[in-house]
Amino acid sequence: MKETTIFLKQRLQRVHVAAGITFSLVMYLAVFFGIFAILLPYIQVWEKPSRHIEYMDVTKIDYATMIDPVISDPNFPTNNIQITLPGYQHDPILKVSHQFVEPVYFDPNTKEQINNEGDQSQLAKFLNHMHYGRPLKTFGYLIFGFVAVGGLFLIIGGLILVIMIKYNNNAKKPISRFSKLHRKILTWVFPPFIIITLTGALMNIGYTASAPMTYLVSKGETHRIFDLTSPILFPPIQNVEKQNISADMLPIGELIQKASTINPAIDFQKITLINWKDISAQVKIEGYNPYMPFLNGISNKPSITLSAVDGSLIRQHKVMDKHWSGLFFDSMYFLHFLFGVDTFTRLLIATIMSVSAFGLGFGVLLWLEKKAKKFPRNIPFYHWMAKLSLSVIIGVLPATALLFAMQWTLPFDLKDRFIWQEGIFFVSWLATFTWSLYRINSYQAAKEFLKLAGVLFILSPIFHYINSDFSLIQLWYQGLVQIVSVDIGLMIFGILLLIVGFRLPQKNNEIQKFWSKDL
Amino acid sequence: MKKLLSTLFLLLVTNLYAHTLIMNIMDNDDNTMTIAGTFSTGQSAVDALIRLEALNNGAILFQKRLPDDGELTIAIPKEPYQVVLDGGPGHTIVKEGIAPIDGFDVTKITEIKQPKKLSKNMTSRNSWSLPYIVLISITLLLIVLSIYVSKRNTDKIIRMIQESKQ
Amino acid sequence: MIFKNIYKTLSTPEKSGRRIGLFRTLCAIFGGLIVAYLGMTLLVFLIPTEASKSITIPLMLNTLAWAAIALWISISPTKWIALLRSVIPSFIFAIAITFAYYGSK
């Protein structure tokens with residue numbers, strides 16, 4: 001019986017190590033770029049010149065001046081026109097859109113149409129795409145999806161290991177230090193980590209493989225999961241028969257105010273115009289209820305539908321009106337998407353994910369340290385996994401910093417601007433791999449990467465000020481807090497990287513002391 | 001039982017493109033055609049734009065958004081044309097137009113001041129533009145350099161190990 | 001005779017738990033996937049509401065179930081037990097789904 005338990009522990013440990021090192025690097029990338037995805041609303045405003053405008057109160061905007069010319073165009077669709085209000089995802093612009101046309105963007109302050117940078121500026125979008133493997137298309141989705149399942153495998157296995165095995169927490173040597181940090185960090189962060197990873201796996205591979213399940217449970221009606229779940233999770237807008245009688249519409253600002261009176265708890269985000277300018281016209285105003293986190297924001301969007309003619313209430317959808325499966329759906333996806341949440345919550349989750357990235361990194365260091373023990377003492381440790389890990393985990397920092405630095409240095413009218421930016425990012429990241437192989441001493445290479453990343457992150461806000469014609473003071477006084485916060489964040493991050501880059505030891509005996517002392 | 005077993009083999013397929021736009025063109029055999037726009041989910045593409053473009057100069061022969069039933073019946077033009085279903089950014093489907101019963105009349109050309117560019121299916125991309133060529137060249141160079149540097153350093157380490165054993 | 005030899009090879013425990021091996025790895029990945037998938041499909045039938053409403057939870061937990069079952073299979077004491085852990089639950093779930101599919105049609 002005792003032998004069985006020993007073998008079981010050995011197997012658990014072995015399977016955890018094997019799976020861990022296999023999935024570690026891609027998992028780290030998902031978490032690393034995921035942190036930028038959490039900060040996406042701020043980055044997407046920082047990156048575009050057209051968003052360096054003041055925020056307006058949604059009830060005080062002159063919507064008619066902007067919207068009427070757009071929807072009067074005979075080529076513009078006539079129904080279910082969507083207006084995205086300023087402030088949604090911290091974006092100060094007003095957007096008029098429809099499924100089948102290019103959106104039209106307005107500065108609500110000047111009421112003028114603005115030139116959206118579109119494909120020329122995709123920094124935040126790109127960082128989000130890197131988070132789930134989109135650059136590699138279907139192959140990327142599958143790889144990241146399988147790695148997410150691997151992550152769940154590791155979390156469950158790791159928790160069982162921590163319960164079953166009495167680990168030594170003395171941490172007098174680098175190996176024990178790495179082991180302790182890896183275990184302690186991930187034991188603390190696993191609850192949000194497991195939920196976020198679970199929803200990530202669902203998005204990347206869960207839906208793709210749902211065809212047989214859908215076919216069976218629908219008794220052969222359909223194999224498309226969205227045919228089954230859309231009516232519950234994302235019900236379509238009810239069709240309203242057009243009367244073909246013209247009528248005057250109430251100002252949208254007034255309709256928003258009426259909606260606020262009916263349900264003051266909602267932060268309104270989008271308006272859908274149904275049968276606009278007809279006597280049967282309605283407006284559906286939907287948003288997010290910040291007082292009921294976890295229960296709304298994804299599929300469950302509280303809304304108020306008013307008559308556009310007299311402002312009378314037609315329909316109201318509150319948070320708790322959603323079917324329990326929709327509430328469950330939103331509660332699981334909430335931590336992953338963080339739609340509508342405040343800055344403090346975003347920063348809290350970003351911090352937890354940063355800490356978990358360190359936890360993953362220490363796991364890799366632990367594995368490498370065990371491999372290094374097989375090398376003779378005076379021989380530098382030169383291993384392909386060490387060099388690959390170095391370029392993926394640390395080398396990604398200067399490559400990402402270069403992305404930010406290029407954002408405000410590459411001209412916005414440069415042909416194929418984004419291809420250059422994206423391409424230079426990947427090439428510079430690959431160059432860190434070449435450099436990692438060239439530099440026999442990995443710590444020396446790591447210091448160089450950290451210092452380079454630090455310098456580039458510090459330069460990014462400086463390039464921003466020079467090329468945007470906005471200074472920090474100007475941005476602050478104009479209330480563009482989101483943009484200022486990104487500049488300050490980049491600056492602080494750069495300084496931190498520089499400090500670590502200088503303090504990290506390089507010589508073998510110093511490295512041993514560094515990881516053994518009380519940190 | 002067979003149905004049950006066969007569905008189990010569908011494990012990794014089918015759901016990759018859940019929401020693609022589809023255009024169907026039906027010849028009514030009376031010099032008219034019916035154009036329908038739908039999504040792959042079966043939902044009709046109401047308000048998507050249908051456009052007929054002359055093949056020789058890109059002139060727009062007809063343009064209208066799909067009504068509530070998702071279908072349009074229109075007369076077949078007498079000159080060669082293509083049918084475009086414009087579903088917004090990144091969703092354009094182009095198909096060659098059906099000929100009328102008596103065939104196309106090549107003398108019938110719609111005159112316009114300046115020839116226009118024809119719409120294309122929004123799937124292809126010019127993969128060999130300058131940035132791609134430059135960046136792929138640098139990538140290949142870095143890969144070769146990585147292999148060379150790795151081999152050089154590995155030989156160096158092996159020499160060091162051998163020397164330390166002596 | 002051949003089957004007896006195969007059974008003997010598969011059911012002999014290894015001398016150490018430090019090696020998982022290709023057999024257990026494949027059983028864990030594919031066996032775990034099939035068991036989890038069928039289990040979650042059965043769960044949709046068991047939840048007492050319409051499929052469009054009940055599918056949300058099993059679909060979401062599918063990948064977690066796959067990870068948990070894969071772990072359970074990978075730490076099997078012998079290859080034979082790993083195979084049994086992959087096949088028997090799959091078989092039971094498949095039969096249950098068949099009854100549920102044709103039973104309520």
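## Contact range and overall build

Among chain A contacts between residues at least 6 apart in sequence, 73% join residues at least 24 apart. Two residues are in contact if their C-beta atoms, placed from the backbone, lie within 7 Å. This is a predicted model: local features need pLDDT of at least 70, side-chain atom pairs count only at pLDDT 80 or more, and totals for chains, interfaces and linings use all residues. Residues are numbered from 1 along each chain as its sequence is written, while chains are lettered from A and ligands numbered from 1 in the order in which they are written.

Chain A has 18 helices and eight strands. These are DSSP runs numbered from the N terminus: helices are H or I with at least four residues, strands are E with at least two. The radius of gyration of chain A, taken over C-alpha atoms, is 26 Å. Along the principal axes, its C-alpha atoms fill a box of roughly 90 × 60 × 35 Å.

## Confidence

pLDDT is the predictor's confidence in each residue, from 0 to 100. Chain A averages 91, and 99% of the residues score at least 70. Among the elements of chain A, helix α13 (residues 396–407) has the highest mean, 97. Helix α18 (residues 508–516) has the lowest, 83.

## Burial and cores

Buried residues make up 45% of the 519 residues in chain A. A residue is buried if 20 or more other C-beta atoms lie within 10 Å of its own, exposed if 12 or fewer, and partly exposed in between. A nonpolar core is a set of buried Ala, Val, Leu, Ile, Met, Phe, Trp, Tyr and Cys residues joined through C-beta atoms within 7 Å. The largest core has 130 residues. Y28(A), L152(A), L402(A) and A453(A) have the most contacts inside it. α1(A) gives the most to this core, with 13 residues. A second, separate core of 32 residues includes I256(A), I271(A), V283(A) and I304(A).

Leaving aside neighbours within four places in sequence, L402(A) is in contact with I424(A), F425(A), S428(A) and L456(A). Helix α4 (residues 123–132) of chain A is mostly covered, with seven of its 10 residues buried. Among them are L123(A), F126(A) and Y132(A). Just after α4(A), G133(A) takes a positive phi of about 85 degrees.

## Domains of chain A

Domain 1 (55–120 + 237–341) and domain 2 (375–519) come from the domain assignment of chain A, which is automatic or from a database. Their centres, taken over C-alpha atoms, are separated by 40 Å. Five residues of domain 1 are in contact with five residues of domain 2. The domain 1 side divides into one nonpolar, two polar and two charged.

## Chains A and C

34 residues of chain A are in contact with 32 residues of chain C. α1(A) supplies the largest share of the chain A side, nine residues. That side divides into 22 nonpolar, nine polar and three charged. Here Ala, Val, Leu, Ile, Met, Phe, Trp, Tyr, Cys and Pro count as nonpolar, Asp, Glu, Lys and Arg as charged, and the others, Gly among them, as polar.

In chain C, A100(C) lies in helix α5 (residues 79–103). With 18 C-beta neighbours inside 10 Å, A100(C) counts as partly exposed. A100(C) and L42(C) are 58 residues apart in sequence and 7.9 Å apart in space, C-alpha to C-alpha.

Terms used
Rg over C-alpha atoms; globule rule 2.2 N^0.38 Å.
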